[in-house]
Amino acid sequence: MWSRGFLQQTLRSMSTSRQAGVLFDVDGVLLRGGAVIPAARRAFRKLLDQNNNFLFPVVFVTNAGSCQRHHKAQQLSHLLEVQIAPEQVVLSHSPLQMLKGFHDKCVLVSGQGPVTDIANTLGFQNVVTIEQLRDHHHLLDMVDHNRRPKLPSTHLQTLPKIEAIILFGEPVRWETNLQLLIDVLLTNGSPGYEYDAHLSTQLPVLACNMDLMWMAEAPSPRFGHGMFLLCLESVYRKLTGRELQYQALLGKPSLLTYQYAEHLLRLQNNNHRITTIYAIGDNLMTDIYGANLYNRYLAQQHAAMATSTKFVAQGTVSQVTMAVPEEELVSTAAQCHSLLVCTGVYNPRFPLPTTITETVFDGHRDLVLEPDLVQPSHVVADVEAAVDLLLQEEGYVIPEH
């Protein structure tokens with residue numbers, strides 16, 4: 001997984017292991033759409049030594065998922081004017097490569113971008129897209145009269161039965177994806193047949209990116225994949241009377257994403273322990289909630305070590321451990337600090353919530369409503385101020401540039 005050149009550079013730049021690691025969100029922290037937030041370049045100049053190597057292990061954890069890791073690394077390297085390797089990037093779908101129990105199943109993928117290539121890179125080899133499903137079953141997508149497919153070609157190969165669903169991110173045509181996903185769910189993977197009103201089990205659904213909103217160039221946040229999930233859950237509940245169940249919820253704020261990110265920090269640190277993680281983000285319900293949930297998990301884990309107690313951290317019901325190598329899920333950090341910036345989704349004109357009710361909670365349905373999980377360790381103006389703070393906390397003299 002790790003390129004030889006990147007490992008050699010990392011080993012040279014970290015002859016002694018570091019005690020801290022940094023997780024950066026991207027949208028609303030470093031970028032607004034395709035534009036760099038001015039404080040971002042200044043922040044990264046402060047994080048580099050005289051040889052242009054990072055002072056600490058650094059990982060970019062974004063809920064974006066419509067591209068490959070190397071493309072995101074190239075984009076960030078160009079925009080931030082610093083060398084970033086693919087191994088320093090965690091996309092919302094990156095932890096799927098650890099869920100090997102699903103890799104041999106026929107999976108239906110929903111999203112946009114090169115979804116088949118992304119799924120193949122993650123280890124899934126039997127992939128069906130929404131477009132392929134639509135072409136094979138020409139009577140299913142009926143909302144847009146002008147796009148109603150013609151009769152299917154006679155040379156199309158028969159599609160296998162769908163065994164699981166992967167939701168990478170928000171699609172372009174929501175009505176098409178909603179219709180075909182419901183068709184697959186209510187026929188147990190065979191959308192050419194009539195709905196089965198007495199299904200006793202539900203196909204596994206793996207969803208990446210729970211962000212209800214995200215920050216682009218527009219003055220206010222835009223709909224994210226979490227909004228699409230809300231629509232899918234509502235339709236499924238309306239038609240069946242049951243809640244849509246997820247086999248995994250990935251991306252921030254899920255624990256698996258933070259465990260995977262810490263794993264990448266340790267690899268940059270010569271596999272030595274990272275004591276303190278600083279997680280910098282702009283979204284209370286994903287970045288701050290996730291970092292605080294992980295901090296709670298770390299505290300519970302250390303407290304349980306003495307008695308060898310096994311536990312499940314509260315805060316999200318998605319605790320996926322099937323087919324995941326235990327060595328990749330080991331969390332050794334002592335603490336995770338959450339740093340909230342004011343350049344993205346969070347608006348400093350509105351006070352931090354002291355109470356949360358269902359009417360104002362914009363986290364995912366399966367997240368527990370807990371006020372302390374959306375209280376950041378620190379609130380700062382921008383990412384440069386966040387870097388200044390963590391440098392001060394770690395005893396570094398803030399460099400002048």
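Is asparagine 52 buried or exposed? What we have on the screen is a predicted model, and the chain in it holds 10 helices and 15 strands. Of its 401 residues, 54% count as buried. If you take the contacts with a separation of 6 or more, 75% come from residues 24 or more positions apart.

Now, back to asparagine 52. This residue is exposed, with a relative accessible area of 55%. You will find asparagine 52 in the loop between helix 2, residues 38-46, and strand 4. I picked it for its backbone: phi is positive, about 65 degrees, although the residue is not a glycine. As a reminder, most residues other than glycine have a negative phi. Glutamate 81 is another case, with phi near 60 degrees, again a positive value in a residue other than glycine. Glutamate 81 sits in the loop between helix 3, residues 69-80, and strand 5, and at 59% relative accessibility it counts as exposed.

While we are on backbone geometry, please look at lysine 252 and proline 253. The peptide bond from the lysine to the proline is cis, with omega near 10 degrees. Proline 253 belongs to the loop between strand 12, residues 248-250, and helix 8.

Strand 5 pairs with strand 4 in the parallel sense over 2 bridges, and valine 61 has valine 90 of strand 5 as its bridge partner. Strand 4 also pairs with strand 1, in the parallel sense and over 3 bridges. There, phenylalanine 24 stands opposite phenylalanine 60 of strand 4.

So which residues of strand 4 are buried on one side, and which on the other? In a regular strand the side chains alternate between the two faces of the sheet. In strand 4, residues 58-61, Val58 and Phe60 are on one side, Val59 and Val61 are on the other, and all of them are buried. Both faces of strand 4 are covered, in other words.

Valine 341 has valine 380 of strand 15 as its bridge partner.

Helix 10 brings us to the helix pairs. The axes of helix 2 and helix 10 come within 7 Å and cross at roughly 20 degrees. That angle is under 35 degrees, and the two helices are therefore roughly parallel to each other. Ala39, Ala40, Arg42, Ala43 and Lys46 of helix 2 meet Val383, Glu384, Val387, Asp388 and Leu391 of helix 10. By class, that contact has 6 nonpolar, no polar and 4 charged residues.

Next, helix 6, residues 174-186, and helix 7, residues 225-240. Their axes come within 10 Å and cross at roughly 45 degrees, which makes helix 6 oblique to helix 7. The crossing is right-handed. Among the residues making the contact are Trp174, Leu178 and Leu181 of helix 6 and Phe228, Leu232 and Tyr236 of helix 7. By class we get 13 nonpolar, 2 polar and no charged residues here.

And finally, helix 8, residues 255-268, with helix 9, residues 284-305. How do these two stand to each other? Their axes come within 9 Å and cross at roughly 75 degrees, and the helices are therefore roughly perpendicular to each other. On the helix 8 side, Leu255, Tyr258, Gln259 and Glu262 take part. Their partners in helix 9 include Asp287, Tyr294 and Tyr297. The residues of this contact divide into 7 nonpolar, 3 polar and 2 charged.

Technical notes: Residues numbered from 1 in each chain as written. Predicted model: local features only at pLDDT ≥ 70, side-chain atom pairs only at ≥ 80, totals over all residues. Heavy atoms only, no water. Pairing = 2+ DSSP bridges. Helix = DSSP H or I, 4+ residues; strand = E, 2+ residues; numbered from the N terminus. Axes fitted to C-alpha atoms, helices over the stretch in contact; angles between N-to-C directions. Parallel < 35°, antiparallel > 145°, perpendicular 65-115°, else oblique. Left-handed = near helix turned anticlockwise from the far one by under 90°. Contact = heavy atoms within 4.5 Å. Nonpolar A, V, L, I, M, F, W, Y, C, P; charged D, E, K, R; others polar. Buried < 20%, exposed > 50% of the residue type's maximum accessible area, 1.4 Å probe, protein only.
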